[in-house]
Amino acid sequence: MSESPETLRFLSAGHARRIASQVGTPVYIYGEAPLEEAARAVLAFPNAFGLTARFAMKACPNGNILRFFTNLGLGLDCSSGYEVERALAAGIPAARITLTCQEAPANLPFLLKKGISFNASSPAQIEAFAAAKPRGELGLRINPGLGSGSTNRTNVGGPASSFGIWKDAVDGARQLAQRLALRVVRLHTHIGSGSDPAVWQRVAAMSLDFVDAFPEVTAFDLGGGFKVGRMSGEKTTDLQEVGLPVKEAFEAFARKTGRRLHLEIEPGTWLVANAGALLTTVQDLADTGAQGYRFLKLDAGMTEVLRPSLYGAQHPIVVIPQTHTDATETCVVVGHCCESGDVLTPAPGDSEGLAPRLLARARIGDLCVIEGAGAYCAAMSAKHYNSFPEAPEVFLRKNGRFEVIRKRQPAKELWRHERRVL
Ligand SMILES: Cc1ncc(COP(=O)(O)O)c(C=O)c1O
């Protein structure tokens, strides 16, 4: 455990108080300044012969965030047909959208006709694509045999992963595409979220070997997965450092083969993780005595930030006392669901363990910020558990003004689609 409490990142206590008083809590807050800084760094990723960078929208799919990134020059990576529909509804041009999915959507012909590009992740998807777009151009997602993620749940390469065409089946997939008169113009790998940068680089370099067998491939998409440090002391992947050897590998490949491959990347986490925070209120306290714990109960939890309960993920937690105090306290922070697994301070990588944190001493009514909540939080939660409605989202401008980009869900929407038959 750290010797001193974590501190706020892009928010100030003043912003937090203003947003809480006008919008209420819990509320997600995204900062324009850190989002823009991250987008510019991604667009400067080292490349030898051109770069297309896409935002993996699964990390944070609010249409305002999608428009913000695409206006800065990013494209979008979608992981389901519904994400494509959401992006199109947000006004993102189809030509800026690529779909790489586990489940090919039933309306794939319609989406392809709109002009999105597609990476097939299996022979069945190659066939679905051929039926939807005869003689079309597509990409193939390959499982290169090696993966890396912050946990086994986010590692999507290697034999324990169902994502993409297994390395030994790539030639069969190539022949299938050829028989179906398709043109394979892109290869794709994505080996996990929170990847070890060394493994990511190794996969990038060895993946180029697959290109030899595909004379029409002009682009290589190396996915996302760049590790982000959320807790103080954790390291965030330096994109220049991880990208330079890849650029050199593309250059060496061009010297050897005469083929100048266009580089594509599609980070989610790296673009948004530390640009988002969840603002909550301490709504209760509990103490289980000398052999137990001091618990701090928030008005949010796994219904807003599921990652700690799911992976034992660590998020910085910052109490904002109503009146200044230097007093600290070691607490277990829990969410509002009636479930002992709703814990925001699990042991690292062990969602069942408790890891009390040093925090500023909290009283009921104090604000409390869960930092590092921009990626896979509003997007991925135990939504509606205990019938808690969806929290609103706010965009905090560089000038300190803020706008609500998603309203708090009225509770009655939870049962809106139920049919009364009993
Ligand atoms: C195909 C693909 N690309 C990109 C990403 C984004 O990964 P990350 O958020 O770790 O950058 C994912 C995440 O699951 C993915 O499946």
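Me: Where does Asn386 lie?
Reply: Asn386 sits in the loop between strand E18 (367–370) and E19. Keep in mind that this is a predicted model.

Me: What makes the phi of Asn386 worth a remark?
Reply: Its phi is near 60 degrees, a positive value in a residue other than glycine. Most residues other than glycine have a negative phi.

Me: Why is Asn386 called partly exposed?
Reply: Count the neighbours. Asn386 has 14 other C-beta atoms within 10 Å. Exposed means 12 or fewer, and buried means 20 or more. The count for Asn386 falls in between, so Asn386 is partly exposed.

Me: Why is Arg135 called exposed?
Reply: Arg135 has 9 other C-beta atoms within 10 Å. The limit for exposed is 12 or fewer. Therefore Arg135 counts as exposed. Arg135 is found in the loop between helix H6 (123–132) and strand E6 (137–143). Arg135 also has a positive phi, about 60 degrees, although it is not a glycine.

Me: Why is Asn119 called buried?
Reply: Asn119 has 24 C-beta neighbours inside 10 Å. Buried needs 20 or more, so Asn119 qualifies. Asn119 belongs to strand E5 (residues 117–120).

Me: Which residues does Asn119 touch, leaving out those up to four places away in sequence?
Reply: Among them are Thr98, Thr100, Leu138 and His188. A contact here means C-beta atoms within 7 Å. Gln322 is another matter: 203 residues separate Asn119 and Gln322 in sequence, and 51 Å separate their C-alpha atoms in space.

Me: What makes Arg9 partly exposed?
Reply: Arg9 has 18 other C-beta atoms within 10 Å. Arg9 is found in the segment before H1. Arg9 touches Asn274, Ala277 and Glu371, not counting residues up to four places away in sequence.

Me: How do you know that the peptide bond from Thr25 to Pro26 is cis?
Reply: Look at omega. The value is near -5 degrees, and the bond is cis. Most peptide bonds are trans. Pro26 has its place in the loop between helix H1 (13–23) and strand E1 (27–31).

Me: How do you know that the span of helix H9 is close to what is expected?
Reply: H9 covers residues 239–257, which makes 19 residues. Its first and last C-alpha atoms are 26 Å apart.

Me: What makes the buried residues of H9 line one face?
Reply: The buried residues are Leu239, Val242, Gly243, Val246, Phe250 and Phe253. Seen down the axis of H9, they fall within an arc of 85 degrees, so they line one face of the helix. In an α-helix there are 3.6 residues a turn, so residues three or four places apart point the same way. The face of H9 turned away from the buried side carries exposed residues: Gln240, Glu241, Arg255 and Lys256.

Me: What covers the buried residues of H9?
Reply: The cover includes helix H2 (32–43), helix H8 (197–211) and strand E10 (262–265).

Me: Why are the buried residues of H8 placed on the same side?
Reply: The buried residues of H8 are Trp200, Val203, Ala204, Ser207 and Phe210. They cover an arc of only 105 degrees around the axis, which puts them on the same side of H8. On the other side of H8, Ala198 and Asp209 are exposed. The cover over the buried residues of H8 includes H9 and helix H7 (170–179).

Me: Which domains is the protein divided into?
Reply: Domain 1 is 13–29 + 274–415, and domain 2 is 32–272. Their centres, taken over C-alpha atoms, are 32 Å apart.

Me: How many residues of domain 1 are in contact with domain 2?
Reply: 23 residues of domain 1 are in contact with 20 residues of domain 2. The side of domain 1 that touches domain 2 divides into 11 nonpolar, seven polar and five charged residues.

Note on methods: Residues are numbered from 1 along each chain as its sequence is written. This is a predicted model: local features need pLDDT of at least 70, side-chain atom pairs count only at pLDDT 80 or more; totals for chains, interfaces and linings use all residues. Helices (H or I, at least four residues) and strands (E, at least two) are DSSP runs, numbered from the N terminus. The expected span of a helix is 1.5 Å times one less than its number of residues. The arc is that of the directions from the helix axis to the C-beta atoms. Two residues are in contact if their C-beta atoms, placed from the backbone, lie within 7 Å. Domain bounds come from an automatic or database domain assignment. Ala, Val, Leu, Ile, Met, Phe, Trp, Tyr, Cys and Pro count as nonpolar, Asp, Glu, Lys and Arg as charged, and the others, Gly among them, as polar.
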